[in-house]
Amino acid sequence: METWRLVDVEYRDDPFMNMSVEEAIPRAVGEGKAPGTVRFWHNSNTIVLGCFQSASLEVNFVACKETGTTVVRRFTGGGAVYHDAGNLNYAISLRKGHPLVPDADLQFVFQRLSQGAVEGLRGLGVNAEFQPINDIQVEGKKVSGAAGSIRWGSVFHHGCILVASDLSILGRVLNVPQVKLADRHVASVQKRVTTIRDELGKDVTTRDVRDGIVQGIEKSYGVRLEEGPLTKSELSTAKELLDTKYSKSAWNLEK
Amino acid sequence: MTIGVETLLSADYKVPGGKLLRVRLRETGGRIESAKISGDFFLIPEDSLAKLEMMLEDVPLREKELKLLVDRFFRGTSAQGLGVVPDDFVKAILSAKLEELGS
């Protein structure tokens, strides 16, 4: 049975470093310097923009200031998401060509690598299902979005799961274009998303969901997850990425 | 000699069943001066979008020319989109209208 590394390294109050680590891992995996890796992590109040999004169009900076929300850009496409302590992030990095995702097809990657999270949520009693293009839904409402890429010799997939997030802040800090809401026949972003807590009708922690997804990944992919640290090389790469990219307004805000 | 007036055009084009393309163009005399494309779509390699934006400079704002250019971009870069297909970029650009004051 294949063993993947399980990494719980996070910088809750430093979303820029969190994003630097997020990039350092697939780089290391792609170079063969690290095994297949699953990472779980949190951010404090943060908007994470997709790499193609315009900060000025997507972000309500006044609301961000009022709520103490930071803005950071990730290296993958897709839409903006709001992170807080009630939001669980997971990331899967595999070498390109891994038998689980042999084709370099992003839609297949999203479907295949969301399956572990879907299984994990089902194990917790949530009726979760993958919804193309990149969502996990419960009863028609989005509970998780995913993004990913195929680069640096790796296949990378990450997602954020609304476990017990404050959806009222989410609705304030993001400018969701009317054309997008109209297409989904809903009046606001809050009405098309839900949380695991609300779906289960009881308190649930991000740790509970993390543990459930660990089991879901092991079951779905027939692998064993073994806790491990980042390598010195990964940390060094992350710090370099922090200094040259993720701490810079030019990267985060100027698209 | 007539000097063209630069106009700002914009479009938020939601791909049916797909993602959102947000286009901001500077246009002079029917040609694109500069193009900024943003949105929640996927495109790999990610850095290819900047190349498409550059290729759009000085291209006539007409369907035929835009289609040829976008096709050339996807063939030349082997870029892979998700939530958008090549023709969506053409449709988004062609749907760009004059910026409304205050928007």
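1. Leaving out neighbours within four places in sequence, A:I47 is in contact with A:V59, A:C64, A:T69, A:V71, A:A80, A:Y82, A:V173 and A:L174. This is a predicted model, and the points below should be read with that in mind.

2. A:I47 also belongs to the largest nonpolar core, which has 95 residues. Together with A:I161, A:I196, B:L21 and B:V23, A:I47 touches the most other members of that core. Helix 1 of chain A is the element that gives the most to this core, with 8 residues.

3. Helix 1 of chain A (15–30) comes up again in the packing of helix 9: the buried residues of helix 9 pack against helix 1, strand 4 (70–73) and helix 10 (249–252) of chain A. Helix 9 covers residues 232–246 of chain A, and its buried positions are A:E234, A:T237, A:A238, A:L241, A:L242 and A:Y246. As background, an α-helix has 3.6 residues a turn, so residues three or four places apart point the same way.

4. Chain A has an open sheet of 8 strands in the order 7-8-9-10-6-2-1-11, with mixed pairing. Strand 7 (128–131) and strand 11 (223–227) stand at the edges; each has a single partner strand, so one side of each is left without a neighbour in the sheet. From one strand to the next the twist averages 25°.

5. Helix 8 (residues 206–221) of chain A lies across strand 1, strand 2 (37–41), strand 6, strand 10 and strand 11, and runs at about 140° to strand 11.

6. A:L100 sits in the loop between strand 6 (87–95) and helix 4 (106–123) of chain A. A:L100 is classed as partly exposed because 18 other C-beta atoms lie within 10 Å, whereas a buried residue needs 20 or more. Not counting residues up to four places away in sequence, A:L100 touches A:L94, A:R112 and A:Y221. From A:L100 to A:S149 the separation is 49 residues in sequence and 15 Å in space, C-alpha to C-alpha.

7. Chain B has 3 helices and 6 strands, arranged along the sequence as β-β-β-β-α-α-β-α-β. Its radius of gyration is 13 Å, which agrees with the value near 13 Å for a compact globule of 103 residues. The C-alpha trace of chain B spans about 45 × 30 × 20 Å along its principal axes. Of the 103 residues of chain B, 35% count as buried. Among contacts in chain B with a separation of 6 or more, 55% come from residues 24 or more positions apart.

8. The contact between the chains takes 21 residues from chain A and 17 residues from chain B. On the chain B side, the elements giving two or more residues are strand 1 (6–14), strand 2 (20–28), strand 3 (31–39), strand 4 (42–44) and strand 5 (80–82) of chain B. Strand 4 of chain B gives the most to that side, with 3 residues. By class, the chain B side has 8 nonpolar, 4 polar and 5 charged residues.

Definitions and conventions:
Residues numbered from 1 in each chain as written. Chains lettered and ligands numbered in written order. Predicted model: local features only at pLDDT ≥ 70, side-chain atom pairs only at ≥ 80, totals over all residues. Buried ≥ 20, exposed ≤ 12 C-beta atoms within 10 Å, placed from the backbone. Helix = DSSP H or I, 4+ residues; strand = E, 2+ residues; numbered from the N terminus. Contact = placed C-beta atoms within 7 Å. Core = buried A, V, L, I, M, F, W, Y, C linked by C-beta atoms within 7 Å. Pairing = 2+ DSSP bridges. Axes fitted to C-alpha atoms, helices over the stretch in contact; angles between N-to-C directions. Rg over C-alpha atoms; globule rule 2.2 N^0.38 Å. Nonpolar A, V, L, I, M, F, W, Y, C, P; charged D, E, K, R; others polar.
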